[in-house]
Amino acid sequence: MTVNEAKLMEFVHRFVGDLGATMAAGGIVVGDRLGLYRALAGAPALPEELAERTGTAARYVEEWLRGQAAGGYVEYDPATGRYWLTPEQAFALTDPDGPIFAPGAFQLALGALKAEPRITAAFRTGDGLGWGEHDEDVFTGCERFFRPGYSAHLITTWLPALDGVVAHLESGVRVADVGCGHGASTVLMARAYPRSVFTGSDRHHASVDQARKRAADAGLDGRVSFENAGAQSFGGGPYQLVTTFDALHDMGDPLGAARHVRSRLTPDGTWMIVEPAAGASVSDNLNPVGRVYYSFSAFLCVPSALAQDGGYSLGAQAGEEPVRRLVTDAGFRHFRRVAETPFNIVYEAKP
């Protein structure tokens, strides 16, 4: 085997970048949890000053700042020794309710990686690993990763793209949010449409408990309720709207879920399916977003599906056609793509 030295060094540079990014993930989560980014966004600071603002140890903060500057997550002025955040860095690093919040994604990644020994074993056996078996940071990080996109697009873009749905929501209808997790999507819709009634459901008990707390904190008791149930068994209805957010590809029996959704819809109801952005082929997904989703999928989505009955494991990069087949096989007559972002595609299905 002959090694091309130039190509080898190109690969080494990629490896070094990935290694730095892997270790930097921990620093980003530390910076979020200790309020370092938020404090630095207020004004430039020496390491000692930032440590004083945040009640942390200056030597740790100094090393953290150096690594953050090397990675382009903070700025550094060698003349003064001070560090600061640009408006763009502060926008993405300090506001968990904003349209972009990077620390949530890294929290999810670190939580997922804690399952590495069990995932390695699953590669050998083909067994699954249930969603509820992961570290708590997976559940919290998942919400913090996806909620900014939902906050930015759900009410303003995605729901208006559906045929007649907003008018129904404004007049008052029943809505089921299936696979609701911590209830971020459920609460967003309930706040926007006070005449409608919302029921969230999820297989994960702890997430349902957290969703109930979120709804209570938002003052939505009485209009929002949650049940511990899978997508093939959630109750209530008939519903004018059923939603699934980044959940269908995690199911071991998505066809059973699609059939159950159809059975719970009104004759003129709508199923809104939000799934990770993906192209039609593997080659279409060999890009930074595809890399993120394939990597998460190997640790979270495929193991979750394989831990359930049903025989499916679509993965996070399934793309449009597998979703279309599931929907039409379940008896829906209408299916179309209605919206998309760099991270999600939104589909509309009607009986």
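## Salt bridges

Across the whole structure, which is a predicted model, a search finds 22 salt bridges. A salt bridge is defined as a side-chain nitrogen of Lys or Arg within 4 Å of a carboxyl oxygen of Asp or Glu. Local features need pLDDT of at least 70 and side-chain atom pairs count only at pLDDT 80 or more, while totals for chains, interfaces and linings use all residues. Residues are numbered from 1 along each chain as its sequence is written, and side-chain values use heavy atoms, with hydrogens and water left out.

## Pairs within helices

Helices are DSSP runs (H or I, at least four residues), numbered from the N terminus. In helix α4 (residues 58-70), Arg-59 and Glu-63 are four residues apart, about one turn of the helix. Their closest N and O atoms are 2.8 Å apart, and the two residues form a salt bridge. Glu-63 is partly exposed, with a relative accessible area of 43%; the term "buried" means under 20%, "exposed" means over 50%, and "partly exposed" lies in between (1.4 Å probe, protein chains only).

Helix α11 (residues 205-217) holds Arg-212 and Asp-209, three residues apart, about one turn of the helix. The side chains of these residues meet in a salt bridge at 3.6 Å, N to O. Arg-212 is partly exposed at 39% relative accessible area, and Asp-209 is partly exposed at 46%.

Glu-320 and Arg-324 both belong to helix α14 (residues 320-329), four residues apart, about one turn of the helix. They form a salt bridge whose closest N and O atoms are 2.8 Å apart. Glu-320 counts as buried at 16% relative accessibility, whereas Arg-324 counts as partly exposed at 28%. A network of salt bridges links Glu-320, Glu-321, Arg-324, Arg-337 and Glu-340.

## Cysteines

The structure holds zero disulfides, a disulfide being a pair of cysteine sulfur atoms within 2.5 Å. For Cys-180, the nearest cysteine sulfur is that of Cys-142, 12 Å away. For Cys-301, the nearest cysteine sulfur is also that of Cys-142, 8.4 Å away. Cys-180 is buried at 7% relative accessibility, and Cys-301 is buried at 8%.

## A nonpolar surface patch

Phe-11, Phe-15, Val-16, Leu-19 and Met-23 make a nonpolar surface patch of about 550 Å². Such a patch is made of residues with over 30% relative accessible area and no salt bridge, with nonpolar side chains (Val, Leu, Ile, Met, Phe, Trp, Tyr) joined within 5 Å. Accessible areas come from the Shrake-Rupley method with a 1.4 Å probe. Phe-11 is found in helix α1 (residues 5-33) and is exposed, with a relative accessible area of 52%.

Notes
Patch = residues over 30% accessible without salt bridge, like charges linked within 9 Å, V, L, I, M, F, W, Y side chains within 5 Å. Helix = DSSP H or I, 4+ residues; strand = E, 2+ residues; numbered from the N terminus.
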